[in-house]
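Here are a few notes from going over your model. Have it open while you read.

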Amino acid sequence: MGQDVDQIRIGGRLRHARKIKGLSMKQVAEQVDCSESFISKLERDKVQPSLTLLHRLVAVLGINVSNLFDTDQGNEEPVFIVRSGSRPRIQMNTRPNSSGVLLEQVVPLGPKSLLQANIHIVAPQGGGHDAISHVGEEMGFVLEGTIDLHVGDKTYRLTAGDSFLFHSELPHAYNNPGDTAARVLWVNTPPTF
């Protein structure tokens, strides 16, 4: 999985977004249903959030996950190039004692972006987060491995070469039932996550 790329430390960016909204750690903790001490540890990069908690957190802070990747929103180039091996990454734990999901940003988001694209690298037996829903539409393409995609009340087993599309308002989640890492190119619009 190319461990030579540094993972982004999101704590400072979360703290900055919280302060811009004028919220205390206690207020944020109450709104996302976790402890104030967890928010404190998160802002100091001592813990990693679950995918579900991160989704609730960015919604409360009025940002999206792409803001956590951002290194240069001021770039007004008409074409963005991100070289292989240099994509920013964020590690998330989806369940206790699992290695979770690594999000790798495919292209940076500019202020006028309509699409968001990440590669979700799901550890063996990883995923399994609570279902989330939000405005938009999502599509994906399984690059490697196997995932179980849960949308609404149905589960779909997908393997390398399979693709999917669904409306984000439907509750959705995924997990990797296999013994090897799964890699999924995941695109959604608007960039809400």
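This is a predicted model: local features need pLDDT of at least 70, side-chain atom pairs count only at pLDDT 80 or more; totals for chains, interfaces and linings use all residues.

1. Numbering runs from 1 along each chain as its sequence is written, and side-chain values use heavy atoms, leaving out hydrogens and water.

2. Asp148 sits in strand β5, residues 146-151 (strands are DSSP E runs of at least two residues, helices H or I runs of at least four, numbered from the N terminus). Its relative accessible area is 10%, so Asp148 is buried (under 20%, with a 1.4 Å probe and protein chains only).

3. Which side chain does Asp148 join through a polar contact? That of Arg157, at 2.5 Å (a polar contact is an N or O pair within 3.5 Å; within protein, one atom must be able to donate a hydrogen and the other to accept it, and residues adjacent in sequence count only if both atoms are side-chain atoms). Leaving aside neighbours within four places in sequence, Asp148 also has contacts (heavy atoms within 4.5 Å) with residues including Tyr156, Tyr174 and Pro177.

4. On to the second largest cavity. Its lining includes Leu14, Arg18, Val28 and Glu43 (a cavity is a set of points on a 1 Å grid over the protein atoms alone where a 1.4 Å probe fits but cannot get out; lining residues have an atom within 4 Å of a point). The largest share of that lining, three residues, comes from α3.

How values were computed:
Buried means under 20% relative accessible area, exposed over 50%, partly exposed in between (1.4 Å probe, protein chains only). On a 1 Å grid over the protein atoms alone, a cavity is a set of points where a 1.4 Å probe fits but cannot get out, and a pocket is an open set with protein on both sides within 12 Å along at least five of seven lines; lining residues have an atom within 4 Å of a point.
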